[in-house]
Amino acid sequence: MNKLKIIFMGTPDFAVGILDAIYQRNYDIAAVITAPDKPAGRGQKIKFSAVKEYALEKDLKILQPTNLKDEQFLAELRALEANLQVVVAFRMLPEAVWKMPALGTFNLHASLLPQYRGAAPINWAIINGEQRTGVTTFFIDDKIDTGAMILKEETEIKPYETAGELHDRLMELGKDAVVKTLTLIEAGNVVTTIQPQDDDVKTAYKLNKDNCKIDWTKPGATIFNQIRGLSPYPAAWTYISDKGEEWNVKVYETEFTPISHTHHTGMLAVEGKQINVFTTDGFITIKSLQMPGKRRMNASELLNGLTFTTGARAY
């Protein structure tokens, strides 16, 4: 039986749920390592990571290294004498860090590895129209998300589910996976599986302005999946132009209706309180969106104060 002394590494809300599951089961948490504080928002006020906020609330020791290879940080890490490190949504670790604890360093990843290695697995599973996903725990090695797998937990992706909704469900699934993994390590019963070398592995690329932009020439179902896969954050976006004006608009919630039509792709049509944008094989109904400098609102709210002409288009 291994008496666990854990260092937890993570930054965003997703990691908080996992840290809480460990804390609630009274595991010995030697320290929490998270991202340095940084200015955010219009006022550039210093913002703590979600994990730091939680660690402060629970009076846990906090480390915020800017350089994970710094000798002073490594010495401090060794002095904690932890025998296991748990990583959730953190940055890539140098070998000197992940090899340090006697029982290893394991990561929780929000996909069914080897599929969707990378920065945004929840988003890309939905964007690519997957019907199932899950979480995987694995021991970290010298590459990104390639280490020996410990266990997986699987779930379906619902037809209208957004990235935000799936995020919350996978966090709950991740709690179970991490607790089961800790139990296996504690009992000395871990059996790992090497990740298969699959030629059809899909990558969870980092999200950026380019891959979040809507291409209205793509099939409607593809656009629908992209929008829900990026909702609520960072959000798919498009330009809308009308009457000589152009807006950069974020789109959060839509429906797709497949029909044959003769309209130009990207043409915007208003029917009652409904905004439709034509695709090659139907139209996308925009139900929730955000204009520049405005709050997120339903299409009906926007149309109460804005009128589109027949020449309006999205591109």
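The legends below describe several close-up views of a predicted model.

**View 1. The largest nonpolar core and the residues with the most neighbours in it.** This core holds 71 residues, and the members that touch the most other members are Phe 8, Ile 22, Val 86, Leu 182 and Phe 308. Helix H6, which spans residues 163–187, gives the most to this core, contributing nine residues.

**View 2. The surroundings of Phe 308.** When residues up to four places away in sequence are left aside, Phe 308 touches Ile 240, Asp 242, Trp 247, Leu 268, Val 270, Ile 275, Leu 302 and Leu 303. Phe 308 is also one of the residues that touch the most other members of the largest nonpolar core.

**View 3. The largest pocket and its lining.** The space in this pocket comes to about 1700 Å³. Its lining is made of 44 residues, of which Pro 12, Ala 89, Phe 90, Ala 119 and Ala 120 are the closest to the centre. At least two lining residues come from each of helix H1 (13–24), strand E3 (38–40), strand E6 (84–88), strand E7 (105–109), strand E8 (117–118), helix H5 (121–127) and H6.

View 4. The bond from Leu 113 to Pro 114 is cis, with omega near 15°, and Pro 114 has its place in the loop between E7 and E8. The bond from Tyr 233 to Pro 234 is likewise cis, with omega near 0°, and Pro 234 belongs to the loop between helix H7 (220–229) and strand E12 (236–242).

**View 5. Two loop residues, other than glycine, with positive phi.** Asp 145, in the loop between strand E9 (132–139) and strand E10 (149–156), has a phi near 60°. Because its relative accessibility is 10%, Asp 145 counts as buried, the cut-off for this being under 20%. Lys 243, in the loop between E12 and strand E13 (245–258), has a phi near 55°. Lys 243 is exposed, since its relative accessible area is 51% and the term applies to values over 50%.

**View 6. Strand E9 and its two antiparallel partners.** Strand E9 is mostly covered, with six of its eight residues buried. E9 pairs with E7 in the antiparallel sense over four bridges, and in this pairing His 109 stands opposite Thr 136 of E9. E9 and E10 also run antiparallel, joined by seven bridges, and here Val 135 has Glu 153 in E10 as its bridge partner. For a reader who follows such a strand along its length, side chains in a regular strand alternate between the two faces of the sheet.

Definitions and conventions:
Residues are numbered from 1 along each chain as its sequence is written. This is a predicted model: local features need pLDDT of at least 70, side-chain atom pairs count only at pLDDT 80 or more; totals for chains, interfaces and linings use all residues. Side-chain values use heavy atoms; hydrogens and water are left out. A nonpolar core is a set of buried Ala, Val, Leu, Ile, Met, Phe, Trp, Tyr and Cys residues joined through side-chain atoms within 4.5 Å. Buried means under 20% relative accessible area, exposed over 50%, partly exposed in between (1.4 Å probe, protein chains only). Contact means heavy atoms within 4.5 Å. On a 1 Å grid over the protein atoms alone, a cavity is a set of points where a 1.4 Å probe fits but cannot get out, and a pocket is an open set with protein on both sides within 12 Å along at least five of seven lines; lining residues have an atom within 4 Å of a point. Grid points are joined across faces, edges and corners, and a volume is the space filled by probe spheres set on the points. Two strands pair if DSSP finds at least two bridges between them.
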